[in-house]
Amino acid sequence: METPLIQEKAKNDATGKSSKQDGVLEFQTVGIWTIMRQVKPHSWLFPGRYLLEEGKKWMEVLPIVYRFVQECFSVAPGMMIVYLVSNFWSSTESAIGLYLSSQILNIMQNAISSRKMDGYTLFRAVFVRIIFTFLSSVSSRLKKQTMSTLSNRVRYLFDERLLQANLRLDLPTHENPDTEENINKFIARTSQGGAWNLFNSLSRKLQISASIVSQVSILLGILNHQHGGLWFGLIYLIKGLFDIFDFQSIWESTAYVWDSNPHYRRMRSLMQMIKQTAHRVEIITDVLSDYIHQEWLRARKLLGDISDEYPNQLLDYERPLLRIFSSNISEDIPLVFYAIQIYINPKSFSLPSVALMQQASSTLTWTVYEIFRDENSLLQICHKIKALYAVEKTENKLQDGSLNYFGTIPEARGMDVIFKNVSFSYPKSTTGIQVIKNVSFNVKKGQTVVIVGSNGSGKSTLLKLFNRLYDPTSGEIHVDGHPLQDFVAADVRRSMAMLYQTYSHYPLSIQENIALGQPELASLLHDERKTEKIIERQKELTEKLAEAAKLGGSFELIQEQKQGFETVLHPTVWSWSTRSNDTSQAFKDKMAEVNNKADVSAGQWQRLALSRLFFRTASDRVRLVAADEPSASLDPQMEYELFERLRNLSTSHGKTLIYVTHRFGYLTKHADIILVMHKGELIEQGKHEDLLVKGGEYAKLYKLQAEAFMSDDKVE
Ligand SMILES: Nc1ncnc2c1ncn2[C@@H]1O[C@H](COP(=O)(O)OP(=O)(O)OP(=O)(O)O)[C@@H](O)[C@H]1O
Ligand SMILES: [Mg+2]
């Protein structure tokens, strides 16, 4: 079947910048896949230009590759030398082995043809061969031993770099798909190319080059003594190279492949629905089994016989008959040549050398392929090494300020915040519209602010601007009389306690989850020095954590856990089993125990998050406390207590309190300012009574809720 080929001019990327590599994009559909290839413009002009471009690429990567190799060496120079020498040994091993074997075979052939046996020479050759095998075993052992240590050290050296590089990224930069891809690609143990894999691939390519040189020279050495031998060798080489360059693998071009068949995708989505526990509850509740089954069958029918085999495979199936034949017939060329040679000069070749040639030709083909044509060609590896360092250099999108917040405003309990004509749209948005529009308000130290408004009106987004998770697209935010952007961002963040609508529970112990409200204290939990002072401080910390747990309403829940504060609710376990068809009950029980991921209720998660918030607010450094619907899953009793405790932070401790809620009542009545958001705009602001009198949106929503309660009362 001919595959449709569509050519299209490359479009400029999303930023509107036209990249230098812009050329023609070529699309091809094969099986369920679409393959997009970037076809280099002009490279056909003349080969010199192509080589020049390749050369430039090499010059670009070489300094970084040099640095990379140096750093890999620095983890254990001695061990690295042992590793590389044993690697080098194993790469030349086959060639030397080949040479030694050919010597033995030659001696034997001479003995057979002359019917005279030189025992000493034969045994010496066999002895050398055995010593060689012994040395190979030693080398292989050394290689494995050093590799284990080296791979750990190199992987973790670069993992730490990635960790560090990643931790310093701000939110907009982290959300950038390029950054994300760069980071994930290199975390240890990824098959893609953790640092060790890259080092190994690099050294492997060098070994292969060494092995090619050694193989070729030894072969030529053997064949040189035979009439027509060099020609024979050359023919084998050409045959090998023909095989390599005959097949166009997609790895050789800049290609992007995706499953574009809608029926195939639908089948996969349906299959995913039944696999995930998250969907199971709804599938059972809404009785979806028949629907899913029918839809799967329908998609299956529409898919027909379109294949999902890997594209390389499918392209191979479509190879024209002529090329298959020409490739196959090349198999026979050496044999034909051999036959002619024997016909002209029956003594020209020894049989062993033909066997050797055959073996050598296929190894050589493979090695050349690995260096130049593989998905991991030498240049590709160098580019990946370059990308490894690119993560380190990723620049943050938000520019940090230089003003020390605590130094500039040393003594204050609360915080003044002014928003002046602030507008904002998310960098990654499906609509591209402003979600905050020209918002202005003024909050004073110790005030309680309540933000209300319908879903999607921009309440949560507003909170994200307070601590510079994002910067406004226009307008200004002032904190204590200075532009927010002038302060060191981390300083400002330390002076705030924020509980967002979607909060995290880290895969750490409950105790640590709460303690992370004040990271400088949290490290005390794992302090190994058991001095009297440390033990005393740890005890104090435990008491403070219990206090925060009580304020957040999670104390009882924690006490109920078998391991109390030490419980890890969502541990990251890495496990696998083999042969699970004949497992005993004890085996299964242990498996379940290891994988135990306890869940707690939505309200209980919220209580744990609140406990962390309260632990953070216990620090005098915190001057602004913001909570985004912290009572959404709480029972009325807990909700009331929470309001009281949070209000206490502003009334008794003088902290500024910002509270986002859908519930009108207790807090809104006590609020110093209510901000009413609607579709990104701040449509009303003021105190409860004033807004009621005004009779606008707030009054309308308030009455709606109040009436609901009233009518309930009437029903009772
Ligand atoms: N990370 C994001 N990327 C792009 N758009 C977003 C993002 N987060 C929110 N939005 C959009 O911004 C708008 C405001 O969302 P926001 O979360 O601030 O609303 P909200 O008032 O907090 O709503 P809710 O009451 O549902 O919590 C919405 O239209 C939303 O779709
Ligand atoms: Mg929200």
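Guide: Let's start with Glu 295, which is buried at a relative accessible area of 8% (buried is under 20%, exposed is over 50% and partly exposed is in between, using a 1.4 Å probe and protein chains only). What you're looking at is a predicted model, where local features need pLDDT of at least 70 and side-chain atom pairs pLDDT 80 or more, while totals for chains, interfaces and linings use all residues. As for bookkeeping, residues count from 1 along each chain as its sequence is written, chains are lettered from A and ligands numbered from 1 in the order written, and side-chain values use heavy atoms, leaving out hydrogens and water.

So what does that glutamate side chain do? Glu 295 meets the side chain of Arg 298 in a salt bridge, 2.9 Å from N to O (a Lys or Arg side-chain nitrogen within 4 Å of an Asp or Glu carboxyl oxygen). Side chains of opposite charge can pair when their charged atoms come close. Both partners belong to helix α10, residues 289-303, and because they sit three residues apart, about one helical turn separates them (helices are DSSP runs of H or I with at least four residues, strands are E runs with at least two, and both are numbered from the N terminus).

The model holds 18 salt bridges, so here are a few others to set beside that one. Asp 259 and Arg 268 pair at 2.7 Å, N to O; Asp 259 is buried at 12%, whereas Arg 268 is partly exposed at 42%. Over in helix α27, residues 697-715, Glu 697 and Lys 700 are again three residues apart, about one helical turn. Their closest N and O atoms are 3.6 Å apart. Glu 697 is partly exposed at 22% relative accessibility, and Lys 700 is exposed at 52%. There's also a network: Arg 67, Glu 71 and Arg 161 are joined by salt bridges that share partners.

Glutamates also turn up in a negative surface patch, made by Glu 532, Glu 536, Glu 540 and Glu 543. Patch members have over 30% relative accessible area and no salt bridge, with like charges joined within 9 Å and nonpolar side chains within 5 Å. Glu 543 is in helix α20, residues 532-552, and is exposed at 51%.

There's a nonpolar counterpart of about 670 Å², whose members include Val 82, Phe 127 and Val 128. Helix α3, residues 119-167, gives the most to this patch, seven residues. Val 128 lies in α3 and is partly exposed at 38%.

Last stop is the magnesium ion, ligand 2. Ser 460 (OG) and Gln 501 (OE1) are its protein donors, 1.9 to 2.1 Å away (donors are N, O and S atoms within 2.8 Å of the metal, or 3.2 Å for Na, K and Ca; water isn't among the atoms, so sites may look incomplete). Ser 460 is in helix α16 (459-466) and Gln 501 in the loop between β10 (496-499) and α18 (510-515), so the two tie together parts 41 residues apart in sequence. Ser 460 is buried at 18%, while Gln 501 is partly exposed at 42%. Helix α16 also holds Leu 463, buried at 1%. The Leu 463 C-alpha is 7.5 Å from that of Ala 626, though 163 residues separate them along the chain.

Notes
Accessible areas come from the Shrake-Rupley method with a 1.4 Å probe; for residues, only the protein chains shown count as cover. Lys and Arg count as positive and Asp and Glu as negative; His and the chain ends are not counted. The place of a charge is taken as NZ of Lys, CZ of Arg, CG of Asp or CD of Glu.
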